[in-house]
Amino acid sequence: MIVKIMNKRLYKYISVVFLFVICISQGFGQQKLGQTGFQFLSVGMDARASAMAGAYNTVEGTPNTLFYNPAGLAGNTATAALFVNSFTWIADIKYSSLSLAFDPWDGNHGTFGFTVSMVDYGELQGSMVWPNERGYIRTEMFEPKAIAVGLGYATYLTNKFAVGGHVRYVSQTLGKSAVPGEETHKNVAGVLAVDMGTIYKTGFKTLVFGMSVRNFSKEIKFEEVSFELPLTFTLSTSIGLLDAAGMASENHKILMVLDAVHPRSHPEYINWGLEYSWQDIFSVRGGLTSSQDEYDFSAGFGVHQFGFEIDYAYTPFGVFGNIHRFSIGVAY
């Protein structure tokens, strides 16, 4: 009787999720490409995920999953976990982020999360419209910055079906602007953004499906220009290859993840990632991304022992050089 009730509830939840997915997909079909801002939200933060080309939508267990699919936070097994991520993006843009998971009830009432991500665009030369031969004059140097602060929660509704949410306040500062005879304006904008996701374990081997919607918000504007956040819809599946082949081993694991990504700001693409793990201590990773002009391959490794984890990812980025990401985590 209890099993039947749980199955009915699960079917209801899945039906709601698929209905929501259809609605979101229809909304995407009405959006024009290239009309989004705050693109820093589209850049991957976690080194492990980046080494797998961003194919991370069904991965669980670390607070960094809040940056990809919030439902992954439900798989956290530690009372508390902290991750710090850092890397230099193209044009010497510096990214740094922190994620925290807290589960004082051993998973019985879900897991709470907290995230902070910051972007430093460096120092730029300001200018102002001016009635001279050049049409402008130089002003002071300024330092554009961006920040996002979020709270997340995830839980398993059944032993197979997890849901999660992540609410963030995102803000960007682009310095000051002015024209002769007008008031100087501070170019600062901020908005609340919502990320939602689900993970479903099929029960067949280690086959898992996942869905997430990230950066859902209202329209915002800088001065007279209105835009929306880079809304992104992702469907994903993953499986342990050795388990699927009937060669399951406690010492050796090979995880394959496939993400189909539908962003608002540019065409759809596929992320495909592999991770080989030895005794859950040492991991080697690689991944491929389709439909990208400057990059398509990534690789990396990780070491996990005594509650500490260190991950590294390498992404060759064409004319922009190579991107090196680092993540350090601790859990107890």
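Residues here are called buried when their relative accessible area is under 20%, exposed when it is over 50%, and partly exposed in between, with a 1.4 Å probe and protein chains only. The model is a predicted one, so to speak of local features requires pLDDT of at least 70, side-chain atom pairs count only at pLDDT 80 or more, and totals for chains, interfaces and linings use all residues. Numbering runs from 1 along each chain as its sequence is written, and side-chain values use heavy atoms, with hydrogens and water left out.

On the overall picture, the protein has three helices and 18 strands, taken as DSSP runs numbered from the N terminus (helices H or I, at least four residues; strands E, at least two). Of the 332 residues, 43% are buried. With contact meaning heavy atoms within 4.5 Å, 53% of the contacts between residues at least 6 apart in sequence join residues at least 24 apart.

Back to Gly 307, which sits in the loop between β16 and β17. Leaving out residues up to four places away in sequence, Gly 307 touches Gly 329, Val 330 and Ala 331.

In soluble globular proteins, nonpolar side chains tend to be buried together. A nonpolar core is a set of buried Ala, Val, Leu, Ile, Met, Phe, Trp, Tyr and Cys residues joined through side-chain atoms within 4.5 Å. The largest one here has 31 residues, and Phe 38, Phe 40, Trp 89, Tyr 95 and Leu 229 have the most contacts inside it. Two or more residues each come from β6 (145–156), β8 (185–201) and β10 (220–222), with β8 giving the largest share, three residues. A second, separate core has ten residues, including Leu 66 and Ala 162.

Then there are the charges. Nine salt bridges turn up in the whole structure, each a side-chain nitrogen of Lys or Arg within 4 Å of a carboxyl oxygen of Asp or Glu. Glu 275 pairs with Arg 48 at 2.9 Å, N to O, linking strand β14 (residues 269–278) to helix α2 (residues 47–51) across 227 residues. Glu 275 also bridges to Arg 285, where the closest N and O atoms are 2.6 Å apart. Arg 48, Glu 275, Arg 285 and Asp 311 are linked in a network of salt bridges. Glu 275 counts as buried at 5% relative accessibility, as does Arg 285 at 6%.

Asp 311 is also among the contacts of Ser 327, a residue of strand β18 (residues 322–331). Ser 327 counts as buried, at 0% relative accessibility.
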